[in-house]
Amino acid sequence: MAKKYNIAVIPGDGIGPEITSSAIEVLVAASSKKDVEIATRELKAGGDAIDSFGIPLPQETIFSAKDSDAVLLGAVGGPKWDEMEPELRPERAILGLRSGLGLYANLRPVVVYDELKDASPLKNPGQVDFVIVRELTGGIYFGKNGVYQSGDRLPDGTVKGKVAFDTESYSEGEINRILKIAFELAMKRRKKLTLVDKANVLVSSRMWRTLASQMSFDYPEVEFDCLYVDNASMQLISRPSSFDVIVTSNMFGDILSDEAGQIAGSIGMLPSASIGAPGTPGLFEPIHGSAPDIAGQNKANPFATILSAAMMMRIMFGEEEIASDIENAVKKTIASGLRTSDITFIGESNNFTLVGTKEITKAVIGNL
Ligand code: IPM
Ligand code: MG
């Protein structure tokens, strides 16, 4: 075959193995039609790695991920590892991969498919199609933190005791590089960019606002505005279709993207891409978690992971045709009425067939 991409696959925990194997099947089928070869290599992370090696992110996983062309990740975590020390929890693997690979930009597109409008809790969501651009390797997730003993007392005499702290800190460089990604993305879309911050309270947010306003002069065609995060969380519900690109910090992006997942009807529909400097393998994963309650039961919705594989083809390799073939096959499958249980809903007009992960994967491949 003409071209070959080496994909590191990290199935992880819970439904992770089912959804990654579904996405790889679709990816291989779509790519072979375009004479592109997909070579995969499985790596361990999260609970899966804890069970084998006692740590959530083995060096081998980082090395092999860096050595690949791109990484596809399922999900990590589960009740089995909930009692672990913070540093040994499965989630550390995700954070370690993000920082280890320098994946500072997280793109989370949110689309409400016409056929799934009834699955959205919003009465009339309209044409929802926006992208959250979340800063991914800075802010409070990676700032200075700790616990110390204080001898002081509160004004009412209460002993302060131990003090725990996390720090939200951002450098100009970190902010500018993610803003640039967001402005460039807006230029390729409907040319609207919203910065979400908490500039009425936080010093770091004020720096985001200043830098974004400065950069907006370089993009005169982009309609740029700013929202406080509390207000943004309301506006996402009241006027979701008016957003195009939203850029925000690590923690605000984490919170708003779960809210957005609900607008889309199921978080099981939302893919994501995490990208770093040019030449760095990106990491592509569904936004949802490992859903341990349905793991291994052929119930998981693989769409978010399949759509993440499509994002990989478009963003990492410029394989626009393979990406849109996959996306169109997903749309066709939804239009044909097949549903996993998370996207079924009660409604008079709905004529759906409840199927499992394997059946819906087969249908997507058939619709390619
Ligand atoms: C996400 C997840 C992660 C995050 C967790 C698993 C560390 O919630 O990707 O949104 O907080 O970034
Ligand atoms: Mg999250």
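Reader: Which domains does the domain assignment of the protein give?

Author: Before that, note that this is a predicted model, in which local features need pLDDT of at least 70 and side-chain atom pairs count only at pLDDT 80 or more, while totals for chains, interfaces and linings use all residues. Residues are numbered from 1 along each chain as its sequence is written, chains are lettered from A and ligands numbered from 1 in the order in which they are written, and side-chain values use heavy atoms, with hydrogens and water left out. Domain bounds come from an automatic or database domain assignment, and here that assignment gives domain 1 (1–108 + 270–368) and domain 2 (121–139 + 170–263). The C-alpha centres of domain 1 and domain 2 lie 25 Å apart, and their contact (heavy atoms within 4.5 Å) takes 12 residues from domain 1 and 15 residues from domain 2.

Reader: What area is buried between domain 1 and domain 2?

Author: The size of an interface is often given as the accessible area lost when the parts come together. Buried area is computed with a 1.4 Å probe and summed over both parts; between domain 1 and domain 2 it is about 1200 Å², of which carbon and sulfur atoms give 64%. In domain 1, Tyr-104, Asn-106 and Arg-108 lose the most area to domain 2, together 57% of what that side buries.

Reader: How many residue pairs are in polar contact between domain 1 and domain 2?

Author: A polar contact is a pair of N or O atoms within 3.5 Å, where, within protein, one must be able to donate a hydrogen and the other to accept it, and residues adjacent in sequence count only if both atoms are side-chain atoms. Between domain 1 and domain 2 the count is four residue pairs, both residues at pLDDT 80 or more.

Reader: Which residue forms a salt bridge with Arg-41?

Author: Glu-60 does, and the closest N and O atoms of the pair are 2.9 Å apart.

Definitions and conventions: Buried area = accessible area lost by both parts, 1.4 Å probe. Salt bridge = Lys/Arg side-chain N within 4 Å of Asp/Glu carboxyl O.
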